[in-house]
Amino acid sequence: MKAGNDNGPIAGAILFLLIGPIIWAAHLLLVYGPQSALCAFRIAGRTQVDPWLISMLVAGVTVIAMAAVMLTLWRPRRVARIFRFDAAANDNRSFILSSMRWLGVLALIGIALAGATTLILDPCAQLR
Amino acid sequence: MENQPRSDLPNKTPRPKGELEELKRIWATPRGWRIVTTVNNTEIGLLYIGVAFLFFLMAGVLALLMRTQLATGNNDFIGQELYNQMFTVHGTTMMFLFAVPAVEALGVLLLPQMLAARDLPFPRLSAFAIWAYVIGGLVFFSTILYDLAPDGGWFMYPPLTLKEYSPGDNADFWLLGIGFIEISAIAGAIEIVVGALRTRPPGMTLAKMPIFAWSMLIFASMIMFAFPAVILATMMLEIERSFGWPFFTAAKGGDSLLWQHLFWFFGHPEVYIIFLPAAGLVSMMVPTMARTPLVGYRLIVIALIATGFFSFGLWVHHMFTTGIPALSLAFFSAASMAVAIPSGIQVFSWIATIAAGRKKFRITTASLFILGFLFIFTIGGLTGVMVAMVPFDFQVHDTYFVVAHFHYVLVGGMVFPLFATFYYWAPQAGRSMLSERLGRWVFWLMFSGFNIAFFPMHLTGLRGMPRRVWTYPSELGWDTLNLISTIGSYILGAGVLLFVIDLVLHFRPGRGGPENPWQAGTLEWLPNDVYSNRSIPLVTSREPLWDQPNLADDVKEGRYYLPNAPTGGRETLVTSPIDAKPQYVIQMPTSGWSPLLAAIFTAAFFLLLTVKLVTISIVCGILAIAFCLIWAWALDPGPSKGLVDIGGGISLPTYVSGPSSHSWWAMIVLMFVAGSLYLSYVFSYLFLWTVSPDTWAPSGSPAPPDLGWPAAAALLLLAGSALIVLTERMLPPAGTKRMAVPIAIFLAVACLVGSLGVELAGHWRTGLSPTANAYGAMVYMGAALFGQLAFTLVIFGGFTIARHFAGKLDRERRVTFDNMALLYHYTVGQSLFGLALVHGFPRLVG
Ligand code: HEM
Ligand SMILES: [Cu+2]
């Protein structure tokens, strides 16, 4: 017999649970990727990007990512609805909700720490 | 506690006569030498952990030999070349053949028991993975005896490992041997993900899952995403060594840093892949010894998930000294600090649990090892935060400080919990307990030996002694510290030896050990036999054995679910992934030769390829595929067994296809693995472009072929997908055949092969060669990845067609088809993306 699709709930639950860390990963990708590529080109003398622009890019992405995480912390139920997440058993629901919040807080710390470095460091300086 | 059978349990007792005997017969262990055909998790799990431990011993002997060489300056007990091979084989064996397999083995051995399942969902897959590992691993290790062992260090950095600098087959043994063992680890991971999510007992919702199951779930998910990166890297390095595609050669636009990125994208999570399951084991043992539920269950789950996830954002901290811009390093330094938070949470939870028990924390050998772990691991964590700071790392990079740090983390974080596990779970896997008296000696020898050996290395490192040196001049003042380290290693070795003696004296594999000797609360301590538990309990809390009095008895008497074997074969219960509601009864294969033979020939294929015996190797490869097909033929049993009653008025199907079947899930997991392999490729492509855009088309290489070529390839792919969708509609009613089905499958596979041909021909016509430069190598590598999937689908398609002609494929019995269709659509998706990248990107930037 061909049973119905219950991947919706589990995929939704995973995405919902991990939304904070996923934003953190996106943040890391979006600051590290462009920054290291642009610096590689600058160092090789291929482009003339203003280093200040790179710093702004990092800062901008960081602000957006932090705002996004805070939004998910503030309105988790709305996020749940987007992912069509709905756990039937009650202890599961509160379990996943609180785990999601904690993971979001950790992600927020991670994003803030990584982003803050741009305030201190010259974007393309090499340590050698 | 009342002892009468309760009327609200799913099944009535006494159970019908002969039921128990039937269970015993169905699950019986094969006798005599046929034991090698067994697939049951308790038996192959024991083999798995046993062999992993053997590798620990053998790599440990290498370590002692190395320490002997280093005991004094200017020593020449072991020469330089052998020393290089030794640390490479020691590190590689410890990481790939001991640490990861050992925890995976515990997953195979303990997970089903903790979930009260009869077995993992794919017993033959585990058997295959384990045999492949045993054979491949032993051959790999034995290379040290023939001077054939790799010597490039456990992370095998090019350019040192390129053909120019490492001629001979030594490096190839690493690349093919380890690449192959990673595939076996992935097979095990698929098993564990599906097992943890789908074979939990009714009532065990996610919020009630034992911590070890959580940690194994995260362990397996991490393997899914981390291992593909290093598999791609080993593929590329092997291709460069054999065929000269310059991925890592700077002169042709490659970059050896690409290897470092890919390796550490795997290598850092690897540390947590090893540590998280060990932490999960500690979280299971601590409550038992403290006689109170774990404090902060939720926090621990959160910490496990967070560590698992964030550990993927740390890899660059292994590359601090490679000239990457400081700001990039800072991102990863920050993440390295952040990941320390969840590890800290776990440590506090354990300490709180130890303190919270109303009765005293029981000091057993297992608890001693746990306390030792806390002590050693915390020190390792502290030095970890030190080396995560860029300026400090510049000072101690590649010195003995780092050797001390990672041994504190690895031995503290994994070996000590493992020994605790041995003492704690031995009565579960065997008939008797290990000796508590000897155990204390084992602990104190290992604990003191470890610290005496490794603590001084922090100092030798700070005094500037580099790692990976076979000897050093005596006048540098490193002698005394090194001698102390060597003495400590021998004390540690004595502890391990004593443990082996304890094992020989007291460990007896088999059933019927003391029942729940530690008065633990989790399901693996239910009474069990070859069939695992007599019936599958309904779980209402995290420590069912503490909270449900009489549970052991009711389970044993068969008052819970599925106390029999209604389909007449091996089976277990599949439940829904979040709420653990019973969904169906899965029919599982029994013992057989095919997994073993498939593993032998797969190993032979890879190993013979290493020594360039191409023809025999291909014959072995074909045999391996043949045995896989024989094995797969027996799967997909079809719906003939109808519905069965598992008790409590619940009737479940014995066959399910579609998105809720376990094989569909396995396919999805496999697609994630393939997807992350492909993402690593996309990363590599873009990375090499940033390094050497001057080799990229259209200026540095022939312009990509006219758009007509990729368009034709894409059309063929889409046509193939459409054919598969059509075929699904055309599947014949049960018990019949329809010629259109095999024809359509054949055409779909032909479309795929045609598309690959068009793609290759297009590039070839422009005069692009894979050996010319990094761009060419990357373009053809994309086609190679496509070709890999196409090859799989040629075989899979043929298999599906054969199923149809055998009358084993129709609208009802369709799991084989569904899986093939999933893989097909995935291949089309990946290849369309690949066409856009390879043909679009040069046009975009050119
Ligand atoms: C049992 C006690 C152990 C001792 C006495 C020991 C000793 C050593 C020694 C002497 C080296 C070589 C250092 C050098 O020359 O640079 C080394 C390297 C290493 N060890 Fe261990 N080790 C032990 C256990 C472990 C364990 C349990 C693991 C992992 C789970 C491990 C992983 C490694 C790794 C990855 C390397 C680096 C190899 C390389 O440089 O490529 N060791 N160990
Ligand atoms: Cu790391």
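Tyr685(B) is buried, with a relative accessible area of 0%, where buried means under 20% relative accessible area, exposed means over 50% and partly exposed lies in between, using a 1.4 Å probe and the protein chains only. Tyr681(B) is likewise buried, at a relative accessible area of 0%. Both tyrosines belong to helix α19 (residues 662-691) of chain B, in which they stand four residues apart, about one turn of the helix. Helices (H or I, at least four residues) and strands (E, at least two) are DSSP runs, numbered from the N terminus.

The model is predicted, so local features need pLDDT of at least 70 and side-chain atom pairs count only at pLDDT 80 or more, while totals for chains, interfaces and linings use all residues. Residues are numbered from 1 along each chain as its sequence is written, chains are lettered from A and ligands numbered from 1 in the order in which they are written, and side-chain values use heavy atoms, with hydrogens and water left out.

## Aromatic pairs

Rings of Phe, Tyr and Trp (its six-membered ring) pair if their centres lie within 6.5 Å; planes under 30 degrees apart count as stacked, over 60 as edge-to-face and the rest as tilted. Over all chains, this rule gives a count of 79 aromatic pairs. One of them joins Phe275(B) and Phe377(B), whose ring centres are 4.3 Å apart and whose planes meet at 15°, so this pair is stacked.

The aromatic pair of Tyr681(B) and Tyr685(B), by contrast, is tilted, with 6.5 Å from centre to centre and 55° between the planes.

## Salt bridges

A salt bridge is a side-chain nitrogen of Lys or Arg within 4 Å of a carboxyl oxygen of Asp or Glu, and a search of the whole structure finds 13 of them over all chains. One forms between Asp172(B) and Arg241(B), at 2.8 Å from N to O. This pair links distant parts of the chain, with Asp172(B) in helix α5 (residues 170-198) of chain B and Arg241(B) in helix α6 (residues 211-243) of chain B, 69 residues apart. Asp172(B) is buried at 1% relative accessibility, and Arg241(B) is buried at 5%.

Arg814(B) meets Glu728(B) in another salt bridge, in which the closest N and O atoms are 2.9 Å apart. Arg814(B) sits in the loop between α22 (774-805) and α23 (815-845) of chain B and Glu728(B) in helix α20 (residues 708-730) of chain B, so the pair ties together parts that are 86 residues apart in sequence. Arg814(B) is buried, at 6%, whereas Glu728(B) is partly exposed, at 35% relative accessibility. Elsewhere, salt bridges that share partners join Asp169(B), Asp172(B), Arg241(B) and Lys612(B) into one network.

## Metal sites

The copper ion (ligand 2) is coordinated by His268(B) through ND1 and by His317(B) and His318(B) through NE2, at 1.7 to 2.1 Å; donors are N, O and S atoms within 2.8 Å of the metal (3.2 Å for Na, K and Ca), and sites may look incomplete because water is not among the atoms. His268(B) is buried, at 6%, as is His317(B), at 15%.

The iron atom of ligand 1 has His90(B) and His407(B) as its protein donors, each through NE2, at 2.0 to 2.1 Å. His90(B) lies in helix α3 (residues 80-114) of chain B and His407(B) in helix α12 (residues 400-429) of chain B, so the pair ties together parts that are 317 residues apart in sequence. Both His90(B) and His407(B) are buried.
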